[in-house]
Amino acid sequence: MRDWAVLSDVPIDLPVRPVLPALVAALGSAGSAVLVAPPGTGKTTLAPLAVADAVAGRVIVAQPRRVAARAAARRMAALLGEPVGGRVGYAVRGERRAGPRTRIEVVTTGLLVRRLHHDPELAGVDAVLLDEIHERQLDADLALAFSVESRATLRPELWLLAMSATPEADRFAALLGATLPAPVVRASSALHPVRRIWTPPPRPVPPPGAGPVDRVLLDHVAATVRRALREQEGDLLVFLPGVGEIAAVAGRLAGLGGSVDVLRLHGRQSGADQDAALRVGDRRRVVLATALAESSLTVPGVRTVVDAGLSRVARLDLARGLGALVTVPVSRAAATQRAGRAGREAPGQVYRCWSPGVHERLPGQPEPEIATADLTGFALELAAWGAPGGTGLALPDPPPAAAMTVAHETLTDLGAIDANGRITERGRAVVAVGAHPRLARALLDGADRVGADRAAQVVALLAEPTVTGSGDDLGAAWRRLRAGSDPAATARWRAEVRRLRAAAEQARDGRVGPDGQGEREPTSGGQSDAAPAKKANDARTDDRRATGERTGDGRVGGERTAWLPDELAAGLLVGLAYPERLARARRPGGSAYLMSGGTAAELAPGSELAGVDWLAVAVADRVPGAPSARVRLAAVLDEGTARAAAGSLLRSEREVGWSGGDVVAREVLRLGAIELVDRPLPRPEPDEIAAALLTGLRDTGLDLLTWTSAARALRERLTFCRYALGDDWPDVSDEALLAGAPHWLGPELAGARRRADLARVDVLGALRRLLPWPLAGRLDELAPERITVPSGSRIRVDYADPAAPVLAVRLQETFGWAEAPRIGGGRVPVLLHLLSPAGRPAAVTADLASFWRSGYRQVRAELRGRYPRHPWPEDPTTATPTRRAGRRG
């Protein structure tokens, strides 16, 4: 009996089947190819069978998601009439069902990357199929690039096939081909037609961006589901952007009655819950799903799709190291993918909650993850491959320079790469853990501080977000998992704990298995190579470790107890992973915090963590433009543990500066941006104080000095001289005085200690330092403080306007002057403000001769009757000037 059934033995006819001979021929001749097949054509199911029929070794099929990997393996195994784990198996993180007889193994793209690191030749593998390559996830880009280079340099006989549901295949063909683009094989359209029904909301809905989805749209989606249930047969698949919207629409559909089951399908569910949504039900079903169900999955019984038209994508704030989930309109390519779910088993329909006009304005393709994501792990994978920065690799898009710079800085801080971007031995240990580099650092460094078991338990919580639950208290989630209140979550958590514990031990020893989980892989029965008795014993050991039960030799789970209590141990591990997110409350008992990285953060209303002084923030996001980040998951901490977790951020600094309107001299101990200790500095250096006073002057302005009338007058005279005579004279503008303060205020600053000392400075004397002695000797000549008028009075000149100095003088005191006096070496006439005997302005002129000829007669006519005791001669140029009134005539 044959060990492998040929494709002709599989009793299923899908649109992709007619092109499979051409596909196998293309792979045979070129070694690589691109298969373009719309959703519902059967490429994920039949292409691996056809390839396996043509090669002798194992076929690896890479899927971007765990649920898709499990579903694809089950589908192919069912077609062969056997359970998963025989000739068709799968492997995802923490779970593997494959054995010696396995010919087709479906893995996640992340797991394929791990295997390529372990064995770039992929010994025993004859073909690699990269499914849903168009989704452009980071692991998918890496798997493509590494596989292409492995085939080009080590395994030229390895078949490499990229499969896409979108027609844009040319770029992938160019990447896969060695000298010429790889051949592209195209399948016909889906087996069954899908009718489009446009159902926009009753009124325009603003784009949600980083905020919540508008309730009007959620109401409309629920109403559209009810309408589709009335109008159509079969099950419904509803696409929504996130878990919150799924819950909101599920609540709106609560009144459907017992004839319809409302199920949920998203990435935060357990594998069992996800699989439940993929099984045929006894009653009609409405499956509320995220983008998880866009591709590779067949939700049986679905005849109708309701599409809300939104997707949720991650955006990274590079400056703060925080992400945010942003809701964006779906791309046209993704909308086509979603609609295809309705035509997999029979003709179907899609209700699109937008208009045809809006559809034309949607982006053609979704934004690749490399453009928006945290690239720390991506950069380390490239370094581990020996291609820092991705130079020379077949990446569909180059990584953004700014994001890569931040990633390299993080990896350098972790000790994972050297100054040239090459991976270090520590970096290889971090890669071997198979988790984000930050979490791997916490696992490796935390084991010596809190014990390897507790380190693995907490890091498993952070690495497997589906087990933490809905609260924001990491310690509470840890206790719930230990107690087993959610058996499924506890089982997933324990599996990840075991994986991390084994990976950490082997990373320390330099022994890493192909899945990043040790050197052995499960082989028997597609389940595990452990005997049932051993598995039961492992579970009991996990229970002792998780609950803190001591063994007979005084150790917890076979390991010595660390000194930190569990609550602080969790905080320490989070701090090791994210030292810049250690946070202290801004005020006792409050919910607002300052993180050590300098970002403000707040707890959600009603958080159980409110009032805690210190937090280690594991998950936080910040809406663009928001003043603070929102804490999503954190562990309790104290100051001592915070110092231990982020010792590299501790800085003791002398600070002499200007703060709060005066000189502050203090010694400060900081943890990043958080001030831990603040004590007065007893004897600051004089130059430090002078610098602080200068800062105060520049921040507050020259009004910190006491400007007497004489000082202001001198400054105005100097301003006039520079204006009238040129740049030889000093610039006494605010900007120039502040810039030159160390020169003209030097002695005063040297003796000052605080703001009050500035107020006692002799500004007049200090300003005179700006005048070189030749100019100082001519100042009174060129810009006289006073001018003697014909009456003998010495009148002060007002230099407030350097372009027109003013001399305000009673008209009778100017009799005998033929012209206005000139200053500035004769360059500038004084602007005369001629006053009445009462001191009120009577005339303004810089041309006194012209005024005597014309303007004086009118002034004389108006004022001689009002002031008869004062002289009003016919010819003022020959009259005697006077300061007093005469006898009444």
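**Ground rules.** I number residues from 1 along each chain as its sequence is written. Because the model is predicted, local features need pLDDT of at least 70, side-chain atom pairs count only at pLDDT 80 or more, totals for chains, interfaces and linings use all residues, and side-chain values use heavy atoms, with hydrogens and water left out.

**Helix α1.** I started with α1, residues 20-30 (helices are DSSP runs of H or I, at least four residues, and strands are runs of E, at least two, numbered from the N terminus). Leu20, Leu23, Ala26 and Leu27 are buried here (under 20% relative accessible area, with exposed meaning over 50%, 1.4 Å probe, protein chains only). Seen down the helix axis, the buried residues fall within an arc of 120 degrees, so they line one face of α1 (the arc is taken from the directions from the axis to the C-beta atoms). Pro21, Gly28 and Ser29 are exposed on the other side. I then looked up the cover over the buried residues, which includes β1 (32-36), α2 (43-54), β7 (159-164) and β8 (184-186). Gly31 follows α1 with a positive phi, near 85 degrees.

**Cores.** The largest nonpolar core has 107 residues (a core is a set of buried Ala, Val, Leu, Ile, Met, Phe, Trp, Tyr and Cys residues joined through side-chain atoms within 4.5 Å). Phe378 and Leu474 are among those with the most contacts inside it. Apart from this core lies another, of 66 residues, including Cys721 and Phe815.

**Glu580.** I found Glu580 in the loop between α20 (566-577) and β17 (582-585). Glu580 is buried, at 19% relative accessible area. Leaving out residues up to four places away in sequence, Glu580 touches Arg438, Met595, Ser596, Gly597 and Leu649 (contact means heavy atoms within 4.5 Å).
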